[in-house]
Every structure is written in structure tokens, then in C-alpha cells.
Amino acid sequence: MTDKRILLAYLALLVALLAAPLVLYPVLVMKILCFALFACAFNLLLGYTGLLSFGHAAFLGSAAYVTGHVLKAWAWPTELGLLAGTLAAAALGWVFGVLAIRRSGIYFAMVTLALAQMVYFIFIQAPFTGGEDGLQGVPRGYLFGVIDLADDRNLYYVVLTICVGAFWLIQRTIHSPFGQILKAIRENEARVVSLGYDVAKYKLLAFVLSAGLAGLAGATKTLVFKFATLTDAHWHASGEVVLMTLLGGMGTIFGPVVGASVIVTLQNELADKVGSLVTVIMGGIFVLCVLAFRRGIVGEAAALYRRMVGR
Amino acid sequence: MEIFGVPLPALMGQLMLGLVSGSFYAMLSLGLAVIFGMLNIINFAHGALYMAGAFLAWMGLTYWGISYWWSLLLVPLAVGLIGVVIERTMLQWLYKLDHLYGLLLTFGLALVIEGLFRYQYGVSGLPYAIPDELSGALNLGFMFLPKYRAWIIGVSLTVCLATWFIIEKTQLGAYLRAATENPQLTQAFGINVPLMVMLTYGFGVGLAGFAGVLAAPAFQVSPLMGSNLIIVVFAVVVIGGMGSILGSILTGLGLGVIEGLTKVFYAEASSTVVFIIMAIVLLLRPAGLFGKEK
Amino acid sequence: MKTKRIALAVAAALGFGSGMAQAQISDNVVRIGVLTDMSGAYSDLSGAGAVTAAKMAVEDFQAKEKPGFAIEIVSADHQNKGDISSNKAREWFDRDKVDVVTELVTTSTALAVMKVAKEKNKIALISGAASTRITNEDCNDVTVHWTYDTYSVANGTAKAVVKQGGKSWFFLTADYAFGHSLEKDASDVVVANGGKVLGSVRHPFPGTDFSSFLLKAQASGAQVIGLANAGTDTTNSIKQAAEFGITPKQSLAGLLMFITDIHSLGLKTTQTMYLTEGFYWDLNDETRAWSKRFFAHAKKMPTMVQAGEYSAIMHYLKGVKATGSDDTQKVMAWMKKTPVNDFFAKNAAIRQDGRLVHDMYLMQVKKPEESKYPWDYYHVRQTIPAAEAFQPLSASKCPLVKK
């Protein structure tokens with residue numbers, strides 16, 4: 001595709017998103033946007049650096065709690081609340097990163113999963129999270145003191161702005177020299193080391209960035225639903241984001257967005273019809289993706305397109 | 001007599017209970033290590049198959065009147081068979097790919113298995129009675145240790161050591177180790193490596209099924225019992241490293257005991273202590289206590 | 001989540017022109033949402049049984065009062081999760097025109113939904129949830145907490161046990177907000193009545209293995225081990241206490257237990273335990289008559305949560321009929337002004353903080369040889385009068401209470 005056509009595609013998508021709340025239930029679209037951002041942040045790590053984190057729920061959850069807490073208990077302005085959540089997740093990401101990048105491959109996945117479980121246990125016990133009850137009744141407040149976010153429409157455009165901005169940032173990162181080195185690490189770590197790069201430092205930076213963006217998703221989600229609960233920090237959420245990325249196509253720019261839209265919509269539609277069988281269906285999609293469909297929706301579509309154009 | 005202000009009997013009591021949970025950690029991490037050695041896959045479905053083992057025992061007793069003792073024999077075989085089917089139909093297509101795909105596939109399987117039992121039986125847990133022969137308690141002087149808990153420690157130690165013996169000291173074990181070290185060469189010597197891989201996976205998950213049957217009378221049979229446990233076992237595996245069979249047994253038991261001691265001195269940290277130890281080990285000895293740096 | 005829609009007696013809608021009142025009921029249908037745990041740890045004490053109770057309330061109301069409006073029930077499984085329940089409630093209010101959401105077992109779901117109800121100006125009638133937060137710091141004017149709370153159940157049981165001579169206590173507490181508040185409520189009562197608390201241990205929630213915590217409780221030497229947990233955590237701790245020979249040397253006090261827990265554990269394990277409930281099927285002729293009808297549908301006797309669900313819906317429907325409106329403020333005003341009088345509660349009133357105050361009952365579990373027929377489980381040891389059963393209004397932290 002030429003650059004011009006890509007630009008047109010982006011524009012069309014943006015127009016569709018701007019018009020979405022006129023036709024769709026805004027809360028659902030905002031949920032999709034939050035998870036799309038979460039998956040994009042995760043993909044930065046898995047798709048572009050080759051690190052499989054099984055603990056990203058910890059970042060989503062901790063940012064959700066921190067934002068909720070500062071908005072509710074300390075009555076911080078909304079924009080500062082979002083920032084606090086994002087920074088908290090990035091800081092936690094640094095701690096995780098320092099420990100986890102000492103191992104690679106499968107061990108990396110297990111370490112992140114175990115650390116996230118520890119965070120989950122801490123959240124159950126910590127007084128400020130409200131434990132099983134969750135942190136309820138978080139006020140949405142006013143953006144910059146003027147825009148009333150209690151209105152779903154207003155909030156929708158704020159959430160859309162945040163997500164588009166974050167997406168743009170991810171996009172820039174991938175195409176920056178930094179992003180090129182990350183890709184090089186994914187392809188051949190030993191060679192990058194031999195070229196004189198401090199691989200550990202790059203991995204850590206990627207991890208912190210990814211955690212921070214996942215945190216932004218969690219913080220935004222708290223605004224949308226007005227609560228933060230243990231569900232966000234549970235390992236199921238870590239698994240879900242892996243599934244979204246895998247289904248959409250890891251290492252593709254749009255894959256996670258597509259994957260998140262499909263999974264969130266599916267969960268929303270199925271929840272009423274099949275009850276707890278939803279987990280079985282999610283697991284089934286997982287198995288199917290790994291066995292037959294490893295490039296994901298966007299990856300397969302791109303391959304098909306190339307075959308048709310390239311003859 | 002007191003140690004750090006804790007009466008000795010109470011301390012000994014918690015140590016025994018630590019050994020009970022350590023037994024489960026040991027059996028499960030042993031299974032993971034055996035599978036990992038041969039297949040280079042971390043079996044995320046291990047917890048779900050452990051849970052399935054407990055449920056099969058419960059279903060056997062409830063629907064068909066199969067006693068605990070028969071379950072102890074039949075359930076591991078059944079779970080092993082499920083493992084063989086999984087290996088033949090799915091896992092074997094992934095060996096040439098990045099090992100992460102094995103983790104992802106088994107994660108998906110874990111969701112499916114857990115979801116099915118959850119759909120059928122809810123999450124509140126089902127009771128499984130302790131067999132008559134093992135009910136009652138032993139008076140150890142410092143505590144009443146229920147006979148069933150003593151049985152768990154004894155049986156699991158026996159099974160773990162038998163596994164170690166087979167792998168390290170027998171001809172079959174020698175083939176296994178050879179196939180782990182260099183599959184092509186072993187195949188060239190006329191040993192059927194794919195068959196061994198299949199049986200290894202079956203054996204590893206069979207161990208998980210066996211642990212499930214052991215767990216059923218001590219705890220409730222619940223669809224969530226596996227996922228709660230497996231993440232701790234992952235931390236155990238990271239701490240021990242998966243280099244040696246004996247290492248994973250010792251790490252499992254040791255961490256159970258440490259967890260028991262934490263419950264005496266600072267109970268609030270008992271669910272996180274294993275993870276904290278994992279973090280420390282990662283900082284000091286990234287390959288794990290018994291691991292080889294690759 | 002299964003959403004079932006049962007259009008009950010659409011024929012009732014035929015009474016269209018029977019008065020000006022109907023004009024005020026939006027599209028002439030009153031929709032009741034039953035949001036409950038259909039599959040999890042609390043499905044036995046609420047779940048499908050609560051939906052049955054709701055249906056019975058609607059059928060009885062239609063048969064007796066012949067209302068000029070139709071009534072629909074929708075139900076869904078909230079899986080004990082705050083986020084799922086608040087999304088469902090939002091959807092019900094926004095899209096499906098539900099007027100009132102009921103049941104809401106577990107505190108997290110109740111707190112989440114009552115906030116949505118307030119925002120959308122709809123009614124929440126809570127039967128299953130336990131926390132006193134619902135009528136204290138989190139209270140609002142569209143919520144009624146119907147059946148019981150941690151204060152009322154802990155209060156009765158702890159007081160009775162201390163009076164029986166159980167002076168020294170040790171708590172086994174589920175380590176989350178609900179467990180903590182239950183422990184606090186109970187230890188206050190123990191101390192106020194001259195007992196003392198030797199200590200407590202907190203177990204992870206949900207737990208499967210309580211053995212090490214029970215050993216700590218044993219080592220404390222306390223006469224009474226108070227179980228500040230619920231559901232399967234409670235039943236498991238009771239079972240394991242027997243396994244480790246802790247009972248009957250030390251006695252257990254279940255601070256939040258339901259008849260379904262006694263049913264699943266059996267009398268042999270639970271005999272002589274004290275517990276406090278807001279309802280017992282075998283109290284009097286009226287409760288027996290209703291419970292036997294319930295039994296015919298559900299194949300088990302009702303819990304207090306299920307009985308309270310019926311009572312709450314019945315009172316609400318009467319309010320809609322009396323005011324001729326489904327307007328939230330009008331119906332709530334009527335409900336608070338009119339005393340509740342049915343088989344569940346006698347002369348009970350809804351306070352400013354949203355608490356329905358009614359008599360509670362202190363029970364002692366029968367010995368196996370004392371139980372004469374199925375579900376014959378309790379001696380009613382004491383009726384705790386409404387005025388004493390609940391936290392006094394003067395101690396409430398609810399901003400709606402004018403002091």
C-alpha cells in the first residue's frame with residue numbers, strides 16, 4: 001500500500017470512531033478503546049521485542065487502583081489522576097523489568113506471571129483497594145476544570161483522544177531508531193550484543209514504556225467505569241491481552257486493535273447467552289490461533305493482500 | 001520451650017503442614033521439570049490437569065462408586081491418556097516453533113478445561129470424604145496430625161523418589177536423558193524418540209492427576225484449585241531452575257516448609273513469600289538454585 | 001450470564017383503562033431485575049432460589065391485588081463481580097427500562113449497583129449482601145438493605161456466646177474488606193459484654209487449606225474460635241477443625257452462616273453451634289406455609305436471603321400500586337412511610353439510612369437426635385427485637401441521617 005492510501009485508511013477509521021457514539025453504546029466503545037490501547041502496549045513488548053509478559057494485568061490493575069484512589073480519596077484533578085496511574089504502572093514496570101529481564105524465553109513469562117500474582121495478593125490485602133469489594137464510586141470529575149466528564153459523550157471524546165495519542169506514540173516508537181534496535185533484539189539478540197548495544201537496557205526501557213501505556217489504559221478504564229476491581233489485576237486479564245494480540249496479529253500495528261475489538265465484543269455478546277462457557281470459548285480461540293492461525297487476523301489479511309498484489 | 005517466642009509444638013505443627021503443601025509443590029514441579037526436559041515446553045495446563053484429576057476421583061466415587069484406592073491407580077492413567085491425546089493432536093505440531101507457542105497453547109487448554117468444569121459444577125467446591133482407613137489422627141506429642149496428611153507426605157515422597165530413581169538410575173532413564181540431550185543422535189541409535197516424548201508428557205501430567213487425587217480429600221474439589229496452585233508452582237520452578245530432578249523435589253518441599261514457617265511468624269505474607277524468594281533468587285542467582293545457565 | 005425474560009400474566013395489562021394511575025407507570029410495565037450469583041459460592045443461598053422467590057412474589061401480588069399494570073422479571077448472573085454487575089445494571093436501566101434491581105448478594109456487587117441506581121435514579125433492593133457500608137458511608141436514598149448485615153448477625157451470635165460463658169475469643173478472618181468488618185463488629189460486641197479477644201489470624205480469600213490457621217487458633221488457647229468468613233471458607237474451616245481435633249475442645253462460632261451451610265455440613269459437624277438469622281422457615285404457621293410453597297418449586301427450604309427477596313419485591317409492588325406510579329422518589333417515600341407486615345417481618349420499618357429494621361433470631365443448631373423431620377435444624381433461642389438487632393441510627397455514618 002502507498003503512504004497516501006494508508007493515510008486515507010487512518011482518516012476513515014478516525015471519522016468512524018468520531019461518529020461511533022451516535023450509533024453504538026458509548027460505554028462499550030470506550031471499553032474497546034481501553035483494551036485496544038492495553039493490547040497495543042502489550043504488543044510493543046511481544047510483537048516488537050519478542051518478550052512474552054504474562055503479567056501485564058498488574059500494570060492495568062495498579063494504574064486503575066492508583067487513579068481511582070487519588071481521584072476519590074485525595075480529590076485530585078482528573079488529568080493528574082490519569083498521570084499518577086500511568087506513572088505508578090511505569091514504576092512497577094521498572095521493578096518487574098529489572099527482575100524479569102534476567103531470564104529470557106519461557107522463564108521470562110513465568111517470572112512476570114508470578115510477580116503479577118504477588119501484586120494481585122497485595123491488592124487483595126491492601127486497605128485502599130477495598131479488597132473483594134473493589135474501589136467503587138470514583139468520580140470522573142472535570143477535565144482541566146471545564147469539561148464535565150460525567151456525560152458519557154464528553155468522556156468518549158476524551159478517551160478517544162487519549163487512545164489516538166497513545167497509538168501515535170507507539171507508532172512513532174516502533175519506527176524510531178530505538179524501535180529498530182528492539183526489532184533487532186527480537187530477531188537476533190546475540191548479534192545486537194556483539195554490535196555493542198546494551199541489550200538489557202533496551203529491554204528494560206521497552207518494558208517500562210509498555211507498562212506505562214498499559215497503565216494509561218487501566219487509568220482510563222477507571223474513569224469510564226468509575227471503579228477499579230480485582231478483575232483488572234487477575235491473571236485472566238493477563239491472558240486476555242495475550243489472546244487479543246495473538247488473534248489480531250502480533251507484531252502488526254493494527255492487530256491488537258482488531259483483536260481487542262473482537263474479544264471485547266464477543267465477551268459482551270456471549271456473556272448473556274452462554275454464561276461461564278465464555279472462558280471455554282476464549283480458550284478454544286487461543287488453541288485455534290496457536291495451531292492454525294499464528295499470524296492473526298491482520299497478519300493473514302496482509303499476507304493475502306501481498307499474494308494478490310504481488311501475484 | 002520456645003523459639004523466637006513461638007512455642008515449639010506450634011512451630012513443629014506448622015512445619016508438618018508446610019511439608020504437606022511442599023509435597024504438592026514437589027509433585028507438580030517435578031512433572032513440569034520432566035516435561036520441560038523432554039519437550040522444552042512449560043505445561044500451563046498442568047494445574048488444570050491436577051484439578052481434572054481431583055474431579056475424576058470425585059466423579060468416580062459419586063457416579064460409579066469407584067473407591068479412593070482405585071482412583072489413586074486409575075485416575076493418573078486416565079489423565080495420562082488425556083495428556084497423550086493432547087500431545088499427539090496438538091503439541092507435536094509446535095516442536096519446530098518458538099517454545100512460547102507451547103506455553104500459549106497449554107494456556108488455552110487450561111482455560112478450556114477449567115471453564116468446562118466450572119460450567120458443569122460451579123465454583124463453590126464439592127466435598128470428597130477421607131477414606132475410612134485414613135481417618136482419625138496421630139498423636140505426635142506436639143500435635144494431632146490427621147492420618148490423611150501424614151499419608152500425603154509419605155506417598156508423595158515415595159512417588160517423587162521413585163521418579164528420580166527411574167530417570168537417573170535405570171536403562172529407560174538413560175534413554176530419556178540421552179533423548180533430552182541430543183534427540184537426533186538418540187534417534188539414530190534406533191530409539192523411538194517421538195514415542196518417548198509422547199510417553200513423557202503422559203507421565204508428567206499423570207503425576208499431576210495423581211496429585212489431584214491425593215488433594216481431593218484434604219481440600220475441596222473445586223474448578224479453581226489448579227490455577228491457584230500452578231502459579232505458585234511456576235515460582236517454585238523459577239527458584240529451583242529446571243536443571244535437575246532432585247533439585248525440583250527439594251525446592252518444592254523446602255518452599256512448602258518456608259511457607260509454613262511464614263504462617264507462624266507473619267501470616268499475612270504467607271501467600272506472597274514464595275514470590276519474594278523468587279525475586280531474591282533472580283537477583284542473586286538468575287539461573288535458579290539448581291539450574292544450569294544456558 | 002443468562003438473562004431470562006418472563007412476561008408474567010400479560011393479561012394483567014388488559015386492565016388498561018382502570019384508572020388514571022396507570023398513566024404514570026412508564027409504558028405500563030414494571031420491570032424487576034434480579035441480579036444474583038447463579039453459579040458461584042453463594043448460588044445456594046441466593047441464586048436460582050432468589051429468582052423463584054421473586055416470581056412467587058409477582059404471582060402472589062397479581063393474584064391478590066389485581067394490578068392494572070404488567071410485571072416482568074429479568075434475571076442475570078453477576079458472578080460475584082462488581083464490574084459485571086454494574087455493567088449489567090447500567091444496561092438494564094439504559095436499554096431495558098428496568099425499574100428496580102434486587103437481591104445483589106456479595107458486598108462488591110451491591111455497592112457497585114447501588115451507585116449506578118443512584119446515578120440513574122432507580123431503586124436497588126438489597127437482600128443478599130452483608131456489609132454495613134451499604135447503610136453507612138456508602139448509603140444513598142434509592143437503596144434499601146432488606147435482610148441482614150454483618151452487625152446484626154455478628155452482634156446476636158457473639159453476645160449469646162459470651163453470655164453462655166465463652167469469654168475468650170480468637171478470630172479466623174477472611175483477609176478482605178468483608179472479613180475485616182465482620183471481625184471488627186464481633187470483637188466490639190465481645191469486649192462490650194465482658195469477654196476478651198486473644199488475637200486473630202487472617203487467611204487468604206478464598207482459601208482451601210485452613211489447617212495452619214486453625215493450629216494458630218488452637219495454640220491461642222481461646223475458648224471460642226470466631227469464624228469471620230463466609231460460604232465455602234466457613235464450611236471448610238469447620239470441617240478441618242474437626243479433622244484436627246480442635247472441636248469439641250474449643251468451640252466454633254460462625255459469624256455469618258446460612259441454613260444451607262448447616263444443610264451441607266450436616267448436624268453431626270455443626271451441632272450446638274450458635275448463629276443469627278433474620279428468618280427461619282419453621283418459626284410459625286405463616287413462615288411454614290410460605291416455605292412449603294417455596295419448597296415445592298425449589299426442592300429446598302428458603303434461606304433468609306430468599307425470603308427477604310420476596311418480602312422486598314412485595315413491598316415495592318404494593319408501593320407502585322398505592323402511588324399509581326413507578327417514579328423512584330414517590331415509591332421510595334411510600335415504602336419508607338409504610339411499615340412492612342408479612343411472614344418475613346412484622347411491623348418493620350425502613351430507616352433514613354435505608355436499613356430495614358426487623359426482628360432477628362438467635363439459633364442454636366440441633367443435635368442429630370433432636371432433629372425430627374427434614375430441615376429441622378434450629379432451636380430458636382432468642383428473638384432479638386428490631387430495636388436491638390441492628391446498629392443504632394445514632395452510630396450511623398450515613399450522611400442522610402439528620403442528627
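In chain C, the residue C:Tyr274 has C:Gln364 of strand β14(C) as its bridge partner, strands here being DSSP runs of E with at least two residues and helices runs of H or I with at least four residues, numbered from the N terminus. The structure is a predicted model, in which local features need pLDDT of at least 70 and side-chain atom pairs count only at pLDDT 80 or more, while totals for chains, interfaces and linings use all residues. Residues are numbered from 1 along each chain as its sequence is written, and chains are lettered from A and ligands numbered from 1 in the order in which they are written.

Strand β11(C) and strand β14(C) (residues 360–365) pair in the antiparallel sense over 4 bridges, pairing requiring that DSSP finds at least two bridges between two strands. Both belong to an open, antiparallel sheet of 3 strands in the order β11-β14-β15, whose edge strands, β11 (274–277) and β15 (378–384) of chain C, each pair on one side only.

In chain B, helix α6 (residues 171–181) and helix α8 (residues 193–218) pack at an angle of about 105 degrees with their axes 11 Å apart, where axes are lines fitted to C-alpha atoms, for helices over the stretch in contact, and angles run from 0 to 180 degrees between N-to-C directions. Helix α6(B) is therefore roughly perpendicular to α8(B), a term that covers 65 to 115 degrees. B:Tyr175, B:Leu176 and B:Ala179 of α6(B) meet B:Val193, B:Met196 and B:Thr200 of α8(B), contact meaning that C-beta atoms, placed from the backbone, lie within 7 Å.

Terms used:
Angles under 35 degrees count as roughly parallel, over 145 as roughly antiparallel, 65 to 115 as roughly perpendicular and the rest as oblique. Two residues are in contact if their C-beta atoms, placed from the backbone, lie within 7 Å.
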